[in-house]
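Reader: I have a structure to look at today. Can you walk me through part of it?
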Amino acid sequence: MDFFFELLFWLIAMATLMACSGFFSASEAALFYLQPRDRREMRQGTSGEKAAANLLSNPDRLLSAILFWNLLINISYFSLSSIAAIKIEKAYGQSGAVLFAGASLFSIIFFSEMLPKSVGVLKPRWLAKQFSVALSWAVRMVDPLMPLLQSINTISRRLIWPEFSAEPFLEISDLERAIEHSGNDAALIKQEQQVLQNIVSLSTIRVEEWMRPRTQFVSFRPPVQIEHLRGEVPASGYLLITEPDSIEIARAIRLDNQFDLDNDHLERMALPVLYLPWCATVADAMEKMSHRDREVTVVVNEFGDTIGILTIEDILETAFAYQPSRSSRLLNMPSMEKTGDSIWRVSGIMSLRQLARQLEMEVPDTFSVTVGGVIQESLQRLAETGDVCQWGPFEFTVLDASQRGNMLVQMEIRSQEQDDK
C-alpha cells in the first residue's frame with residue numbers, strides 16, 4: 001500500500017509539471033500568433049491585454065524566459081519520471097518500467113506541447129489575455145538570469161551564423177538575372193518571367209480594372225447574425241458590413257480563417273476597410289493595405305460612392321497567377337474563348353489591358369477599362385441583348401445582357417477590306 005501512495009505522489013508531481021509546461025507552451029503559441037492589429041488594440045484593452053502587449057514589446061526577453069522555464073520543467077519532469085520508473089521496475093519488472101517511460105514521454109509531448117499549442121493558435125487573443133499576468137511574474141523571476149541567457153544566445157548565433165547581415169533591396173534587373181540562371185527548364189523560366197511581369201504591372205493597373213464590382217458582392221447592415229449568411233460564405237470570402245445608416249461599406253471579416261464566430265453581432269469582430277479612388281493603382285492599394293494592416297479596399301468614384309472592392313487575395317492572384325483573369329475569379333468563366341476565324345466569345349468585365357495582351361495588338365484609346373464599358377460608351381446607353389457596335393477593328397455583338405454586370409459578348413476582328421465592303 002505504501003508503494004501505491006508513493007507512486008501516486010510522483011504521478012501528481014509529474015502531472016503538475018506537465019500542466020506548467022502546457023501553460024508556457026500555450027502562452028508562447030498564443031502570444032506570438034497575435035496579429036499586429038490585435039497587439040495595437042490590446043494596448044488599449046483590459047489589464048490582461050495590456051500585460052500581453054507589454055510582454056510582446058520585448059519578444060527576445062519573453063521567448064528566453066519561456067524557453068528557460070520549459071527547459072527547467074522538462075528536466076524536472078523526466079527526473080521524476082526516472083525515479084518512478086525505477087520504483088515500478090522493482091515492483092513489476094523491466095516491462096512495466098518501459099511501458100511507464102513510454103507513457104510518460106507520450107503524455108508530455110501531447111498534453112504539454114501539441115494540445116496546448118493547438119489551443120493557443122485557435123484562441124490566441126483570449127488565451128493571451130488570461131495567461132499574461134501570471135506569465136509576467138514568471139518572466140520577472142527570470143530577469144536576473146537574462147544577461148547570462150542573452151550572452152549564450154549571442155554566442156550561439158555568432159557560432160552558427162557568423163557575419164550574418166541583411167540583404168540590400170533587389171532591383172528588377174537582379175530578379176531577371178536570377179530567373180535566367182535559376183535553371184534550364186524553359187517552361188519554368190517562362191512562368192517565372194510571367195510572374196515578374198505581373199508584379200511589375202501592379203504599378204500600372206488601376207484598381208477599377210481588377211476590383212469586384214458592386215453587383216458581384218453582397219453587404220450587410222448591422223446588427224449582423226450568423227443566420228444572415230444562410231450557411232454560405234460570400235463569393236468574395238469576406239463578410240462586408242455597411243454603416244448603420246447607409247449602404248457604404250465600413251468594415252469586413254475574413255471568414256475562411258475564423259474558428260469561433262458569435263451568433264449575434266458579427267460586426268464586433270469586423271476590421272475597418274481601406275478607401276481608395278477608382279484611379280489608384282493596384283500597387284498603391286497593396287502598399288497601403290500592408291502598411292495599415294487592411295485586407296479589403298473599398299473603391300469609390302469621384303462622388304465618394306462605393307463602386308467595388310479589392311481584397312488582398314485579388315491582388316495576390318494578379319501577381320502570382322500565370323494568366324490572371326477577373327472573369328474566372330468573379331464569374332467562373334473564361335475571359336476569352338475563340339469560336340471561329342477572328343471571332344471570340346468574351347466576358348463584358350474583361351479588361352482591355354488583358355484583351356490587348358491576349359491578342360498581342362494595340363487597342364484604340366478610350367476612357368473605359370473593360371469590354372462592357374467600351375460597348376456602353378459606343379452605344380451611349382446600357383447594352384441590351386442583340387446590340388452591335390463598332391470600335392476600331394473590333395465589332396461587338398451583345399449575346400446576353402440579361403444579368404446586370406455579367407455581359408456575354410461576341411467579338412470579331414474585321415479587316416480593312418471587310419470594313420470597305
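Reader: Let's start in E8. Which residue there is the bridge partner of Val 298?
Author: The partner is Ile 309. Keep in mind that this is a predicted model.

Reader: Ok. In what sense do E7 and E8 pair, and over how many bridges?
Author: They are antiparallel, with five bridges between them. E7 covers residues 296–300, and E8 covers residues 306–311.

Reader: What packs on the sheet there, touching E7 and E8?
Author: Helix H11, residues 282–292, packs on the sheet. H11 touches E6 as well as E7 and E8. The direction of H11 makes about 160° with that of E6.

Reader: Back up a bit. What's the strand order in the sheet?
Author: The order is E1-E8-E7-E6. That makes four strands in an open sheet, with mixed pairing.

Reader: Which strands stand at the edges?
Author: E1 (212–213) and E6 (274–277). Each has a single partner strand, so one side of each has no neighbour in the sheet.

Reader: And which helix lies across E1 and E8?
Author: That one is H12, residues 312–320. H12 runs at about 65° to E8.

Reader: New topic: loops. Where is Asp 305?
Author: Asp 305 sits in the loop between E7 and E8. Its relative accessibility is 37%, so Asp 305 counts as partly exposed.

Reader: What is Asp 305 in contact with, beyond its neighbours within four places in sequence?
Author: Glu 248, Val 299 and Val 300.

Reader: How many residues apart in sequence are Asp 305 and Glu 248?
Author: They are 57 residues apart in sequence. In space, C-alpha to C-alpha, they are 7.3 Å apart.

Note on methods: Residues numbered from 1 in each chain as written. Predicted model: local features only at pLDDT ≥ 70, side-chain atom pairs only at ≥ 80, totals over all residues. Heavy atoms only, no water. Pairing = 2+ DSSP bridges. Helix = DSSP H or I, 4+ residues; strand = E, 2+ residues; numbered from the N terminus. Contact = heavy atoms within 4.5 Å. Axes fitted to C-alpha atoms, helices over the stretch in contact; angles between N-to-C directions. Buried < 20%, exposed > 50% of the residue type's maximum accessible area, 1.4 Å probe, protein only.
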